[in-house]
Structures are given as structure tokens and as C-alpha cells.
Amino acid sequence: MTQRILVVDDEIVTRRLVGHALKPLNVEVVGAEDGTSALTIARENEAFDLAIVDINLPDMDGFTVIRQLRGMPHLLEMPIILFTARSHPGDATEAIEVGAADLLYKPFSMQGLRDMVTAHLR
């Protein structure tokens with residue numbers, strides 16, 4: 001069965017880049033452009049094996065998205081990687097508090113992203 005990854009980022013270029021980076025892993029990447037779309041997709045789909053969520057989204061921040069994903073019983077154990085271009089001192093602490101498994105800073109290396117995703121999919 002193909003593993004599924006939800007990628008939440010308001011920039012289509014970033015969503016496509018993540019999809020391209022993860023192509024060698026033979027995973028299905030489902031994109032969402034904002035938090036509302038991501039939560040709708042998550043509610044309507046039985047399972048995702050991992051999510052990558054940007055902090056800065058147009059309708060809500062990534063921390064809020066993660067809190068709401070963690071409230072869905074079918075996604076409770078899903079690893080979530082928080083994705084950000086900003087370097088705010090409290091981001092790492094808040095990421096842990098809301099249940100993110102990891103924090104990835106933009107710009108990222110494709111191999112670094114693949115390695116992080118592979119580690120969390122095991």
C-alpha cells in the first residue's frame with residue numbers, strides 16, 4: 001500500500017517542490033493551500049502516514065492546524081513535520097508542545113527532506 005503524505009503550504013511552488021523531492025520514495029503527496037483545506041482533506045480521508053505543515057498559512061497558523069489534526073482520532077499518531085522559513089525563537093518549543101515530530105527550515109535540501117520523511121515513515 002502506498003504511503004500518503006499531506007503537504008500544507010500556501011505556495012504552489014513549494015508544494016510541487018516537496019512532491020518532486022519525495023518522488024523517489026514512491027509516496028502519494030496530497031497538497032493543501034491553507035489550513036481550512038488541509039483540515040477538510042484530513043477529515044474526508046481515512047489515513048495519512050505523515051503531514052508536512054507550513055507555519056505561515058493565509059487563514060490560520062500551522063500550530064493551529066496541528067492542534068486540530070491531533071484532535072482527529074484517525075490521525076492521532078501521524079508524524080507531523082512543521083515547515084517554516086522564519087526563525088522565531090519560540091517556534092521549536094511550540095512545535096513540540098502542539099505535537100510536531102520535527103521542524104524543517106526553508107530553504108531545505110531535497111535529500112534532507114527525504115531523509116527526514118523516511119525516518120518518520122518507519
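Tutor: In this predicted model, strand 1 and strand 2 (residues 28–32) pair in the parallel sense over 5 bridges.

Student: What makes strand 1 and strand 2 count as a pair?

Tutor: Two strands pair if at least two bridges are found between them, and strand 1 and strand 2 share 5 bridges, so the label applies. Among the partners in strand 2, Val29 is bridged to Ile5, and Gly31 is the bridge partner of Val7.

Student: Which way does the chain cross from strand 1 to strand 2, and through which helix?

Tutor: The chain passes through helix 1 (residues 12–22), and this β-α-β crossover is right-handed.

Student: How do you know that strand 1 also pairs with strand 3?

Tutor: Strand 3 (residues 50–54) runs parallel to strand 1 and is joined to it by 4 bridges; because at least two are required, these strands pair as well. In strand 3, Val53 is the bridge partner of Val8.

Student: Why is strand 1 called mostly covered?

Tutor: Buried means under 20% relative accessible area, and 5 of the 5 residues of strand 1 (residues 4–8) are buried, so the strand is described as mostly covered. Arg4, Leu6 and Val8 point one way, Ile5 and Val7 point the other way, and all are buried.

Conventions. Residues are numbered from 1 along each chain as its sequence is written. This is a predicted model: local features need pLDDT of at least 70, side-chain atom pairs count only at pLDDT 80 or more; totals for chains, interfaces and linings use all residues. Side-chain values use heavy atoms; hydrogens and water are left out. Buried means under 20% relative accessible area, exposed over 50%, partly exposed in between (1.4 Å probe, protein chains only). Helices (H or I, at least four residues) and strands (E, at least two) are DSSP runs, numbered from the N terminus. A crossover is right-handed if, with the strands pointing away from the viewer, the path from the first strand over the helix to the second runs clockwise.
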